[in-house]
Amino acid sequence: MISTTFSSQGALGKVIPGFQPRQAQLDMAEAVRSAIKGEGQLVVEAGTGTGKTFAYLVPALLSGKKTIISTGSKNLQEQLYHRDLPLMVEALGFYGAVALLKGRSNYLCLDRLSRQMVESHTNVSDPTLLSQLVKVRSWVSETKSGDLGECDAIAEDSPIIPTITSTNDNCLGKECPSYQDCFVLKARKKAMDADVVVVNHHLFLADLSIKETGFGELIPEAEVFIFDEAHQLPDIASQYFGQSLSSRQVQELAKDIEIAYRTEAKDMKQLQKVSEKLTQCVMDLRLVLGEPGFRGNWREALGSLTIVREVGRLQESLDFALDVLTLALGRSQLLDTAFERANTIKARLDRVCDVSITGYSYWYDTSPRHFSLHITPLSVADKFQEQISLKSGAWIFTSATLAVGEDFDHFTSRLGLTPSQQMSLPSPFDYQTQARLCVPRYLPEPNHPLMADRLVKMLGPVIEKNQGRCFFLCTSHSMMKRLVEQFRETLSIPVLMQGETSKQKTLAEFLELGNALLVATGAFWEGIDVRGDTLSCVIIDKLPFTAPDDPLLKARIEDCRLKGGDPFALVQLPDAVITLKQGVGRLIRDQQDKGALIICDNRLVTRDYGGVFLASLPSIPRTRDLGAVEDFLEHIKDAETQVLKSNN
């Protein structure tokens, strides 16, 4: 049945114009079918262009078993649900129900919207936010899902979104006046009744961590679990099997107490004082934690008397909040819930400050206005394996980047997997003719203070001659900013930078311009699909080793050392290899794509471990001569011009 479906005359050939059978795709589909039938664990690295999405969808739909598919991001989740799944449903004549389920922060909370509408009419309200609330309220009559991603009237990063969505902490549950119309409830009900449910890793792992504590269930039970972009799972799992506390949680608690005072308990002036004190305390703690965009060691931070003093003030303000909220118990559901939230936040703060418990990394990060405190387990293997053993069924993990060389141990050991089969399927692309890889000569050492100046001088002419059409992927924000500043002074083409607007808008502008250089960091290393001649060059500033002062990495290194392992070989190198593979994967996205890859790091050719990186990349012809790359890009451009002339 599988081989027939994937033949040129089969079901896929009838719905996909120009469908061509691919052996690697068929091999993966057969392996998925076998894993589903045998209820085993399967790990598949499927190179770019293999067609892995259809390779797991077809056997999953044909199996007739309840299936959960988890993707790496909301964007991939929506692409799968709105584009790929309907195509396969049509091709196979699948009659089952399919559902999309996101985390609760994506769905409008009707009760919180109505409270915000009341609050926004006070004298201190922002008129811009009020107009956005009005737009959302009018959208309510049109929407069936309540998914704010479908509301075009507000931006995806609008500051009103946290105020009109709920969290596990502030949801009123069955006591909510809008409980029967709750969009989260409706989405979960639809997922419970569906045969195929599309979720994302964050939601799946949030669900596992909630189940571990014995609370409610977001995701229904299933017989088949498929993880696409599975390379992200270990790091995301670490977040959810740990604990965290953010200034945003405290501020949202303070805001709700303020709303309750203004609307339901106007005689309790102390509630306003509680709100002000909580807000001030987290702002003061944020200030002493230093510059934005910083990741620090929380255990070391607690050695600072200033930080300890501000943490103590926050603990005192939470005690004060609990005393006042105790007096308000029974006055309103909002205040009762606030009392429970204040207790939860205080317990989390106490736990985060007890840094004596081993087996965890204690760290914090800062943004311009907020901070988060985290406790992350050094290994999630035992917990993840325990969850798998509690559920029978098939567990399938796939990504374009799971192996280091041909070795899957780095991935499987971090999740405690014992796969019955693991396989690496090569990309069908002809890298020998489609791409060139260059490690330029005369590069300074990666951390040289003048590295940005040298890269601009060396690569500016290549980028200019190629008329942009280039991604410059950086391993740090500081390098990204330095390069952008200098490229804007020296190049005649548009230079875009990640972070100046949303990721989607930046990418849309890059595509629309057609001759731009986009300088970016982390977010653009994966999950970006630019096909055709708009992107013909990808430059990487250096090998993407995690910064050695990263507190999470330091803790994993120490843990590896205590177990007698080699931290560089077992932790740092595999992480960097998988990240590099993701970045390299941005260049060639289909069989017509052509382009050059430039990696500006001598260590690829001067260090022994450079061979590990090269062995993990596609077999692209290599050169150290930038002139050869310029010639290759010129040849691509000439070929494109000829095609345009012949078409006209």
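Me: Which elements do the buried residues of α12 pack against?
Reply: In this predicted model, local features need pLDDT of at least 70, side-chain atom pairs count only at pLDDT 80 or more, and totals for chains, interfaces and linings use all residues. Residues are numbered from 1 along each chain as its sequence is written, and side-chain values use heavy atoms, with hydrogens and water left out. The buried residues of α12, where buried means under 20% relative accessible area with a 1.4 Å probe and protein chains only, include Leu271, Val274 and Leu278. Counting a contact as heavy atoms within 4.5 Å, these buried residues of α12 pack against α11, α14, α15 (333–352), β8 (360–366) and β9 (371–377).

Me: How far apart are the end C-alpha atoms of helix α12?
Reply: Helices here are DSSP runs of H or I with at least four residues, strands are runs of E with at least two, and both are numbered from the N terminus. The expected span of a helix is 1.5 Å times one less than its number of residues, so the 20 residues of α12 (residues 269–288) should span 28 Å.

Me: Which residue with a positive phi follows α14?
Reply: Helix α14 (residues 305–328) has 24 residues that should span 34 Å, and its end C-alpha atoms, 35 Å apart, agree with that. Just after α12, a positive phi of about 95° is taken by Gly290. After α14, a positive phi near 90° belongs to Gly330.

Me: Is Glu258 buried or exposed?
Reply: Glu258 lies in helix α11 (residues 247–263), and, leaving out residues up to four places away in sequence, it touches Glu119, Gln272 and Ser275. Of these, Gln272 and Ser275 are listed among the buried residues of α12. Because its relative accessibility is 10%, Glu258 itself counts as buried.

Me: What is the relative accessible area of Gln467?
Reply: Most residues other than glycine have a negative phi. Glu229, in the loop between β5 (224–228) and α10 (233–240), has a positive phi near 55° and is buried, with a relative accessible area of 14%. Gln467, in the loop between α19 (451–465) and β13 (470–473), also has a positive phi, of about 55°. Gln467 is partly exposed, which here means between the buried limit of 20% and the exposed limit of 50%, and its relative accessible area is 43%.

Me: How far apart in space are Arg331 and Ala260?
Reply: Arg331 is found in the loop between α14 and α15 and is partly exposed, at 37% relative accessible area. Leaving aside neighbours within four places in sequence, Arg331 is in contact with Glu264, Ala265, Asp267, Met268 and Asp336. Arg331 and Ala260 are 71 residues apart in sequence, yet from C-alpha to C-alpha their distance in space is 9.6 Å.

Me: What is the radius of gyration of the protein chain?
Reply: The protein chain has 26 helices and 18 strands. The globule rule, 2.2 Å times the number of residues to the power 0.38, gives 26 Å for 648 residues, so the chain is as compact as a globular protein of that length. Of those 648 residues, 54% count as buried. Taken over C-alpha atoms, the radius of gyration of the protein chain is 26 Å.
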